[in-house]
Structure formats: C-alpha cells, structure tokens
Amino acid sequence: MILSPSLLSSDFGRLTEELAALEAAGVKWVHWDVMDGRFVPNITYGQPVISHLRKKSGLFFDVHLMVHEPERYLADFAKAGADMLVVHAEATNHLQRTLAEIRRLGCKAGVALNPHTPLSVLDYVLEDVDMVLIMSVNPGFGGQKFLPATYRKIRDLRAMLDARGLSAHIQVDGGVDPSNTAALVESGADVLVSGSAFFGFPPYDQRLRAFEDAAAA
Ligand code: DX5
Ligand code: ZN
C-alpha cells in the first residue's frame, strides 16, 4: 500500500516545511489537489505553486486535476514537475487523446472517476493508464464522509485489470482513514489518499505507520 497524503489539509503557509516533514516521516508520494472553481466548486493552487515546490522536494508528485478541459494545461503541469497527472473522465471530451498526451509528455497517466461514473468509461482506455483514481466522495472538499459504494467499484475494477493482465494502480480518494484502510486494500486498492485523517494527526511518521499497520492487518 502506498499512502499519498493530500496537501489540501496541510498548512498552505508552510508548504516547504510540510513537504520536508512528509519526506522525513518516510512518505513517498504526495497528492496535489488542483481545483479550478468550475469542474468543482472550490479553487486551490496551480502549476506555479507546484513548480516552486518541485525544487524543494524529492517526493513523487501525484497531481489530481479537478479541472475542466485539463488537456489545455498538461504541458504546463508536466513542466512544473508533476510525476503523475490524473484527469477526470468527466472533464475531457477526448479521454484517450488526453491520456496519450500525458504519457508523451513523460508523466504517468491517471484517470479519475466521480462516484456516479461507471467503470465502463474505462473499457477502451484501460491500456492507456498507469493509475485509476476511484473517488470515494464527490470532489471539491476535504473532510467529507466516505461513500460505501466505493468498495464494490474497487473490486469490479480489480477484476477488470486482472482479466486483462494489467497492473495499473487503483487509488482511492476521499474519507480514507485507518478504520477503512484494511477493507480498501482487501477490495483491491493499492494507493490511498488521505487529507484530514492524515494532517490532523501528527506526528506524521506515527500516522503513516497507523495507515501501514491497518493495511497489513
Ligand atoms: C477531494 C480531494 C481529496 C481530499 C481528500 O476533492 O480530491 O484529495 O483532499 O480529503 P479527505 O481525506 O479529508 O477526505
Ligand atoms: Zn484528490
């Protein structure tokens, strides 16, 4: 299990220190929630902030684009130093082209699905992705309640990947905490995002261990 803490719940006034603290705690990935005020109601940060922090951190930058028409900004985010770019299937008209473009830019390609979006949208693009992000809340805000329908969606996706011999990651985002970690991993998820349930419980090394222990249980 890989834990990707969501910076949405971190202290935005101390992002350099927060990234350093994550790295010191043994975290490997960090999740950036980019929101445009259109695809989702909220606005966060964009490529200039990521580019600035890229110079200060060796973490794997997992960039979740909650942005309408993400294809317009892929080159900017690749240049800013994203390692993985995750676009929403609901936000782009030509999903296959958008995913192929991410790989062409040298990044790992991810696709995110809102809670109501069926797995069938992935049917003809599954070979084009390095990760599928299953949203377990409606995107836009941290601290929301986990939607239990997510478990069956993860299991169904794991079966789809296995049937085709594919090894894409399955990431879950929204309302994840140590109490549902075991069930998520058992369902087939291997990358968990946590915002409020991670940053609200320092020290970070102990909190990382709480998630890891739960995943191993
Ligand atoms: C929600 C974001 C999440 C969010 C998760 O729109 O995509 O990454 O930060 O926050 P928690 O873990 O608090 O639900
Ligand atoms: Zn996210």
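# Close-up views of a predicted model

**View 1. Annotated residues that include members of strand β2.** D33 is found in strand β2, where helices (H or I, at least four residues) and strands (E, at least two) are DSSP runs, numbered from the N terminus. The model is predicted, so local features need pLDDT of at least 70 and side-chain atom pairs count only at pLDDT 80 or more, while totals for chains, interfaces and linings use all residues. Residues are numbered from 1 along each chain as its sequence is written, and chains are lettered from A and ligands numbered from 1 in the order in which they are written. UniProt, in an unreviewed entry, places the feature "active site" at D33 and D173. These two span 141 residues in sequence, yet no two of their C-alpha atoms are more than 10.5 Å apart, so they gather at one spot. The UniProt annotation "binding site", also from an unreviewed entry, covers H31, D33, H64 and D173. They span 143 residues in sequence, yet no two of their C-alpha atoms are more than 10.5 Å apart, so this set gathers at one spot. H31 lies in strand β2. UniProt positions are given in the numbering used here, feature names are shortened, and annotations may be inferred rather than shown by experiment.

**View 2. The shell around ligand 1.** Of the 22 residues around ligand 1, those that come nearest are S6, P139, G142, G195 and S196; a residue is near a molecule or strand if its C-beta atom, placed from the backbone, lies within 6 Å of it. At least two residues of this shell are supplied by each of β2 (29-35), β8 (191-194) and α7 (196-199). By class, the shell divides into 7 nonpolar, 13 polar and 2 charged residues, with Ala, Val, Leu, Ile, Met, Phe, Trp, Tyr, Cys and Pro counted as nonpolar, Asp, Glu, Lys and Arg as charged, and the others, Gly among them, as polar.

**View 3. Helix α1 against helix α8.** Helix α1 (residues 15-25) and helix α8 (residues 204-216) pack with their axes 8 Å apart and at an angle of about 55°; axes are lines fitted to C-alpha atoms, for helices over the stretch in contact, and angles run from 0 to 180 degrees between N-to-C directions. That angle makes α1 oblique to α8, since angles under 35 degrees count as roughly parallel, over 145 as roughly antiparallel, 65 to 115 as roughly perpendicular and the rest as oblique. In α1, A21, L22 and A25 meet Y204, D205 and L208 in α8, two residues being in contact if their C-beta atoms, placed from the backbone, lie within 7 Å. The residues of this contact comprise 5 nonpolar, no polar and 1 charged.

**View 4. Helix α5 beside helix α6.** The axes of helix α5 (residues 150-163) and helix α6 (residues 178-187) cross at roughly 30° and come within 8 Å. The two helices, α5 and α6, are therefore roughly parallel to each other. Y151, I154 and R155 in α5 meet A183, L184 and S187 in α6, a contact with 4 nonpolar, 1 polar and 1 charged residues.

**View 5. The cis peptide bond at P203.** The peptide bond from P202 to P203 is cis, with omega near 0°, and P203 is found in the loop between α7 and α8.
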